[in-house]
Amino acid sequence: MTLPKHIAIIMDGNGRWAQLKGRPRTFGHVKGTRVAKKIITACSKKGIKNLTLYAFSTENWFRPQAEVSLLMTILRRYLKRETENLIKENIRFSVIGDLSRVPKDVAETIGKSIEATSKCTGLNLVFALSYGSRQEITEAVRSIAARVEAGELSADEIDESVINSSLSTYPTPDPDLIIRTSGEQRLSNFLMWQAAYSEFYFTDILWPNFTESHLDEALHAFSGRQRRFGKVSANDNLEKFPN
Ligand code: IPE
Ligand code: IPE
Ligand code: MG
């Protein structure tokens, strides 16, 4: 079975899961975090090299203040509790997104976890936090423009690899597989540049109900996909085409 080198997951449906149980949305976020923990370990055990989890978007800041602050509390608690385990599992943790908007204590905890796991050589685990693809691309354009202004780069030298290496995801390879739970079929401002040739896997399962066997189903679907990247597959017989 061909395994993706990079899986990215839009972990969606926490609020609906909680509402179906007659509980507050935040209850869903707590359960969702436990699920994330299991899926991280599962990916690590399977030998997946890169896993990006969409944890909080730039648009999620517009949610009610109580929900936002509980999400920040959950994140801080998760990192404080889990960093030791990440090290044990040889998982390197990093973050993409605008951390200037994150509360200072949470940003500090994030910094400590990044530092503590920096020598780990197994799974590269990336949290997309306060992340938005449009903001990321805007930042990249700004930094490239500054290099041009400073005379370090000419406009002609701007190519795809310059843009690629100016994005916050660099040097992680593009996601091969993007999974979104909860039945929504959209990117919601996630990895728009990087998803150019990603395979998409949508499932109706709400994130708090997502298990390792659902992950296996996604991996199985991925291994059956034929990725062509705009070319024709090697065994297509060109002789058959009429002149
Ligand atoms: C995903 O679940 C988690 C975050 C966006 C933080 P939601 O909170 O979006 O849950 P639904 O989509 O409202 O059910
Ligand atoms: C996307 O989910 C962001 C995360 C899962 C963190 P949303 O629930 O915010 O996306 P929309 O609003 O349904 O597009
Ligand atoms: Mg949602």
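How far is an oxygen atom of ligand 2 from an N or O atom in the side chain of Asp-12? The gap is 3.2 Å.

## Before you start

What you see is a predicted model, where local features need pLDDT of at least 70, side-chain atom pairs count only at pLDDT 80 or more, and totals for chains, interfaces and linings use all residues. Residues are numbered from 1 along each chain as its sequence is written, chains are lettered from A and ligands numbered from 1 in the order in which they are written, and side-chain values use heavy atoms, with hydrogens and water left out.

## The two annotated residues

UniProt, in an unreviewed entry, lists Asp-12 and Asn-60 under "active site". Its positions are given in the numbering used here, feature names are shortened, and annotations may be inferred rather than shown by experiment. The pair is spread over 49 residues of sequence but clusters in space, with a largest C-alpha distance of 12.1 Å. Asp-12 and Asn-60 are both in the lining of the largest pocket. (On a 1 Å grid over the protein atoms alone, a pocket is an open set of points with protein on both sides within 12 Å along at least five of seven lines, where a 1.4 Å probe fits; lining residues have an atom within 4 Å of a point.)

Asp-12 sits in the loop between strand S1 (6–10) and helix H1 (14–20). Helices (H or I, at least four residues) and strands (E, at least two) are DSSP runs, numbered from the N terminus. With a relative accessible area of 17%, Asp-12 counts as buried (under 20%; exposed is over 50%, partly exposed in between, using a 1.4 Å probe and protein chains only). Its side chain makes a polar contact with the side chain of Ser-182 at 3.2 Å. (That term means a pair of N or O atoms within 3.5 Å; within protein, one must be able to donate a hydrogen and the other to accept it, and residues adjacent in sequence count only if both atoms are side-chain atoms.)

Asn-60 is in the loop between strand S2 (50–57) and helix H3 (65–88). Asn-60 is buried too, with a relative accessible area of 17%, and its side chain reaches the backbone nitrogen of Ser-57 at 2.8 Å.

## Two ligands

Ligand 1 has Asp-12, Arg-16, Arg-25 and Asn-60 among the residues surrounding it (a residue counts if one of its heavy atoms lies within 4 Å). An oxygen atom of ligand 1 is 2.8 Å from an N or O atom in the side chain of Asp-12. Taken alone, ligand 1 exposes 380 Å², and the protein buries 87% of that (areas come from the Shrake-Rupley method with a 1.4 Å probe; for residues, only the protein chains shown count as cover).

Around ligand 2 you'll find residues including Asp-12, Tyr-54, Asn-60 and Arg-186. Polar side-chain atoms lie 2.9 Å from a ligand 2 oxygen atom for Asn-60 and 2.8 Å for Arg-186. The protein covers 78% of the 390 Å² of accessible area that ligand 2 has on its own.

Most residues other than glycine have a negative phi, and most peptide bonds are trans. Ser-182, the partner of Asp-12, has a positive phi near 80 degrees. Ser-130, in strand S4 (residues 124–131), has a positive phi of about 55 degrees. A cis peptide bond joins Tyr-170 and Pro-171, with omega about 5 degrees.
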